[in-house]
Amino acid sequence: MTNNDILIRLRYALDIKNTDMVKIFKLGGMDFTKDEVLNMLIKVNDEEEAPEEYIKCNNKMLEAFLNGLITFKRGPQPSKPGQAEGTQLISGKESPNNMLLKKVKIALALTSEDMLDILYDGGVNVSKGELGAILRNPSHRNYKECGDRFVRNFLRGLTNKYRE
């Protein structure tokens, strides 16, 4: 699953409008025009045959969107004394799939039970321990990388929850 697919499915699941997509990217620290965002949302089966205006979403862009989504849904976080301004970007170790699950959980203020329900609605039955392994820090010894099928089913469950 590409980052563009994730953006398309997340946008649909949460019913995010084009103007809100631009705002969310801006809150995440990246300035895109409405046309550029729409070019990221072009559904492409093969990137080799993509139209000329297609913009490939990299991990940094996806993370900026997810950070912006957290701010958009929950409001800006007050800075603590001695803390640097701006959002912290992940290291290259973490999978975009794991990052998606963590940041959507934060943005929508979901509990682990909510996450398990969403995954169950999407067709995946996991234990609390398995979910915990996916949400861990990549340097933790019990960290488990999240696969594309898992994320696809999570986004399907999210769509069922928020679009019905």
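D15 sits in the loop between α1 (3-14) and α2. Its phi is near 55°, a positive value in a residue other than glycine. The model is predicted: local features need pLDDT of at least 70, side-chain atom pairs count only at pLDDT 80 or more, and totals for chains, interfaces and linings use all residues. Residues are numbered from 1 along each chain as its sequence is written, and side-chain values use heavy atoms, with hydrogens and water left out. Helices (H or I, at least four residues) are DSSP runs, numbered from the N terminus.

**Backbone: positive phi**

- Most residues other than glycine have a negative phi.
- D15 counts as partly exposed, at 45% relative accessibility. The classes are buried (under 20% relative accessible area), exposed (over 50%) and partly exposed (in between), with a 1.4 Å probe and protein chains only.
- A109 is not a glycine, yet has a positive phi of about 50°. A109 belongs to the loop between α5 and α6.

**Aromatic rings**

- Rings of Phe, Tyr and Trp (its six-membered ring) pair if their centres lie within 6.5 Å; planes under 30 degrees apart count as stacked, over 60 as edge-to-face and the rest as tilted.
- The count by this rule is 2 aromatic pairs.
- F25 and F32 make an edge-to-face pair, 5.0 Å centre to centre with 75° between the planes.
- F25 also pairs with F65, and this pair is tilted: 5.2 Å centre to centre, 50° between the planes.
- F25 lies in helix α2 (residues 18-27) and F65 in helix α4 (residues 59-74), so their pair ties together parts that are 40 residues apart in sequence.
- F25 and F32 are both buried. The relative accessibility of F25 is 0%. F65 is buried too, with a relative accessible area of 0%.

**Charge over a ring**

- R163 lies over the face of Y12, 4.0 Å from the ring centre. The rule asks for NZ of Lys or CZ of Arg within 6 Å of the ring centre and within 35 degrees of the ring normal.

**Helix α6 and its neighbours**

- M115, L116, I118 and L119 are buried in helix α6 (residues 112-121).
- Seen down the axis of α6, the buried residues fall within an arc of 160°, so they line one face of the helix. The arc is that of the directions from the helix axis to the C-beta atoms.
- These buried residues pack against α5 (96-107), α7 (128-135) and α8 (148-163). Contact means heavy atoms within 4.5 Å.

Note on methods:
Helix = DSSP H or I, 4+ residues; strand = E, 2+ residues; numbered from the N terminus.
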